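Me: I'd like to walk through this model with you, one question at a time. Here it comes.

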Amino acid sequence: MSRRRRPAPGPPGLLLIDKPAGTTSAAATRAVGRRFRLDPVGHTGTLDPAATGLLVVCTGYATRLVPWLQEGEKVYVASIRFGTETTTCDGEGEVTRSAPPPADLLHSLTGILPHFTGVITQVPPAYSAIRIDGQRAHTLAREGALDDAEMPPREVTIHSLQVLGVEGEEVELRVACSPGTYIRTLAVDLGRALDSAAHLSGLRRVRTGGFDIRDAVPLEDLLALDAPGAHWRPVPDALPGWVRRCLDDEELVRVRNGGSVTATDPIEAGPVILTDAEGRAVAIGEIAGDGEGAHVAVRRLLTDVVQQS
């Protein structure tokens, strides 16, 4: 009996999706893969089901870029309602505590924001996708086996906080932060810092790394198409800010065998896309060493093009 051959990977590239509320990031990604028969598919960072906004979907060998694409700064527009805390730190949960906001909410909030910028410590919500002893925290929380007090704290970086507007007890806040930051936790912490209570009432991701929501297509509109067309961004053209290093034939063989190549000027620290003579991305490398000893070490092969050359 012959072994079933695995289908060839789909075309490598990126799709910028505007995810609607009520859909998980995984479900949105799977829907794109099924609609256009793309395999494998993945995304570069989870949005809560209730959140909307930018979801970067990777196709084909571009899924191997996810560890690098996850590292960029995230920017959100968050709606925070003061007066109540909930079990889930957002509008989906049950109210657990109530406390009135300060009389001058804008003035009071502006005064504490500097204390929440820079490197801070957060305790992620129990209703989150973090794994605890191999299980998702939100699964344990729903079973009553975990609460926020048992979640491991983590350090995150808040690059900037900007109040966009205040209406009654609700504040709209622009947050630029590092990956792994929980905006729900930030909302709760801001409420407590004002001797009040708060929860996240809405969240929209508008930027991640070098990608912007203005370039995204609504998920429903994309799924209505027969093909992604102009919305699909091939690698390496989808990564205009990344340094490229073209390989000659000898270097291509060296990369195929896991070897490094010399660093040509000017290449700074960070990921480097290694391409063949036709401009096809074949590997991701990173700068190692310095001075005359600087070289590009291969971190991950991206495509079968290497094996075919």
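Me: What percentage of the 309 residues in the chain is buried?

Reply: First, the ground rules: this is a predicted model, where local features need pLDDT of at least 70 and side-chain atom pairs count only at pLDDT 80 or more, while totals for chains, interfaces and linings use all residues. Residues are numbered from 1 along each chain as its sequence is written, and side-chain values use heavy atoms, with hydrogens and water left out. Buried means under 20% relative accessible area, exposed over 50%, and partly exposed in between (1.4 Å probe, protein chains only). On that scale, the buried share of the chain is 46%.

Me: How many helices and strands are there in the chain?

Reply: Both are DSSP runs numbered from the N terminus: helices are H or I with at least four residues, strands are E with at least two. The chain has eight helices and 20 strands.

Me: Which residues of the largest nonpolar core touch the most other members?

Reply: A nonpolar core is a set of buried Ala, Val, Leu, Ile, Met, Phe, Trp, Tyr and Cys residues joined through side-chain atoms within 4.5 Å. The largest one has 27 residues, and the elements giving two or more residues to it are strand E4 (74–82), helix H3 (105–112), strand E10 (154–167), E11, H5 and strand E12 (198–208). Another core, of 25 residues, lies apart from it, with Leu 69 and Ile 273 among them. Back in the largest core, the residues touching the most other members are Ile 80, Phe 82, Leu 109, Leu 161, Val 175, Ile 183 and Leu 190.

Me: Leaving aside neighbours within four places in sequence, which residues is Ile 183 in contact with?

Reply: Contact means heavy atoms within 4.5 Å. With those sequence neighbours set aside, the list for Ile 183 reads Tyr 76, Ala 78, Val 175, Cys 177, Leu 200 and Leu 203.

Me: Is Ser 178 buried or exposed?

Reply: Ser 178 sits in the loop between strand E11 (170–177) and helix H5 (183–193). Beyond its neighbours within four places in sequence, Ser 178 is in contact with Lys 74, Val 156, Thr 157 and His 159. Its relative accessibility is 14%, so Ser 178 counts as buried.

Me: Why are the buried residues of H7 on the same side?

Reply: The buried residues of helix H7 (residues 249–256) are Glu 251, Leu 252 and Val 255. An α-helix has 3.6 residues a turn, so residues three or four places apart point the same way. The face turned away from the buried side of H7 carries the exposed residues Asp 249 and Glu 250.

Me: Which residue caps the N-terminal end of H7?

Reply: Look for a polar contact, a pair of N or O atoms within 3.5 Å; within protein, one must be able to donate a hydrogen and the other to accept it, and residues adjacent in sequence count only if both atoms are side-chain atoms. Here a side-chain oxygen lies 3.2 Å from the backbone nitrogen of Glu 250, and the residue that supplies it is Asp 248.

Me: What distance separates the C-alpha atoms of Thr 88 and Pro 125?

Reply: Thr 88 lies in the loop between strand E5 (84–86) and strand E6 (95–98), and is buried at 11% relative accessible area. Its side chain reaches the backbone nitrogen of Gly 93 at 2.9 Å. Thr 88 and Pro 125 are 37 residues apart along the chain, and their C-alpha atoms are separated by 6.9 Å.
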